[in-house]
Amino acid sequence: MAVPPGLPVVIVGGLHADARRAAVARLLADVPGSVVLHHDLATAAAGTVVRTIRDASGLLDAGEAPLVNDCACCALREDLVPELERLRDAGRTRLAVVELWDSVEPKAMAEVVTAGGLTVTGVITAVDPALVLPYLGNGDDLADGGLAAAATDQRTVADTFARQLEYAPVLAVADSPEADDEDRELLAQLHPTARRVPIGQGVSSDPVDDGLTVPTPRLRPLSPLAGAALAGFDVEAAAAAQHPACALLPADADAHGVSTLVWNRRRPFHPERLYAALEDLTCAAARSRGRFWLADKPDTLFHWDAAGGALCVESAGPWLASLPDAAWEMVPPVRRAAAALDWDAEHGDRCQHLVFTSPGLDRDGLERLLESCLLTDAEYAAGRDAWQRLPHAFDTLLEV
């Protein structure tokens, strides 16, 4: 497998620190000439971020990056690309492994590295299957566990872990003796398109051209994890896959005690009834996400994002059906393609598309509750003018 010119960069992240360190160690052992760059944000309270660079033999360099605007993550952004450029220009590094600190999300760092002119060849989130459900159910603030990346960081453990898990196309899976079939099935249903690679799986016996050993005549075999790290990564496609308008959401599934319910409807929600049901809907599943529309705001696409018993609802812009034809040229092609695949003659791309994943999911009860929140036949027949006169129950939540 040939690598692109310059310095290939793989990003390895995840709140499961032991699994993350094991994945990094595997890459260092399997790819000759690789180094790992890590910024430790735990020291931010003292005013600095500690940067270390090491290879398979141990520490090569250490330094400090000052805080930027009292934000450790900002310091990471400012320091990361220059350090990678230094490694590239020195010409001795074959692969740079960026090991993210616990709560740093890979999406932001992949975009920073790419914007800096470097090549991200892989994004990997390391996971311990036995910890997936406990982390998804943890609604504590990151700050409570010393994991906040800034004084203003209001994220929770659950929503941070969910984004780390769902963004990465590759999951490095720890061989956890505590994990059972339910744990592994939950992981599979949460991110069914991900390539799941066992961390402990070493190099194969078949030689593979890794592009890293030229000009030596013998080809060095790659481990599955190293192969995934060099497989290539598309930042724009990864971002599109997370956008609520065109997200690659899980499919309907039911196995090993874990279920995923995919709920699609073409009728809008009654804002007041949906608002009254939010707590029950949020707590119905370990993870739920998707897009929806409200009768009183028919032109706005709303994003549903719930984990750890907490729900985030926000506007994700207009439905394409609400835009004039001339505005479509300004919409990314992937968004237009997603809308075309799900276009309705009456409502265009407006729809309810919500996905709930959890062990022990009460599918029938959840469907009944969701159906009860839609407009009734009489309310639907009254038309859009009447819909927009319904109580604007979500205005406070949306801070309109």
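**Figure 1. Overall dimensions of the predicted protein chain.** A compact globule of 400 residues would have a radius of gyration near 21 Å, and the protein chain, at 23 Å, agrees with this expectation. Along the principal axes, the C-alpha atoms occupy a box of roughly 75 × 45 × 45 Å. The secondary structure of the protein chain comprises 14 helices and 14 strands.

**Figure 2. Burial and contacts within the protein chain.** Buried residues make up 52% of the 400 residues of the protein chain.

**Figure 3. Surface and charge of the protein chain.** The side chains include 33 positive and 59 negative groups. The centres of these two sets lie 4 Å apart.

**Figure 4. The largest nonpolar core.** This core contains 58 residues, of which Ile11, Leu41 and Leu84 touch the most other members. Helix 2 (residues 72-90) provides the largest share of the core, namely eight residues.

**Figure 5. Surroundings of Leu41.** Leu41 is one of the core residues that touch the most other members. When residues up to four places away in sequence are not counted, Leu41 touches Val49, Ala72, Cys73, Leu76, Trp101, Val104 and Ala149. Ala72, Cys73 and Leu76, among these partners of Leu41, fall within the range of helix 2 (residues 72-90).

Technical notes:
Residues are numbered from 1 along each chain as its sequence is written. This is a predicted model: local features need pLDDT of at least 70, side-chain atom pairs count only at pLDDT 80 or more; totals for chains, interfaces and linings use all residues. Side-chain values use heavy atoms; hydrogens and water are left out. Helices (H or I, at least four residues) and strands (E, at least two) are DSSP runs, numbered from the N terminus. The radius of gyration is taken over C-alpha atoms; the globule rule is 2.2 Å times the number of residues to the power 0.38. Buried means under 20% relative accessible area, exposed over 50%, partly exposed in between (1.4 Å probe, protein chains only). Lys and Arg count as positive and Asp and Glu as negative; His and the chain ends are not counted. The place of a charge is taken as NZ of Lys, CZ of Arg, CG of Asp or CD of Glu. A nonpolar core is a set of buried Ala, Val, Leu, Ile, Met, Phe, Trp, Tyr and Cys residues joined through side-chain atoms within 4.5 Å. Contact means heavy atoms within 4.5 Å.
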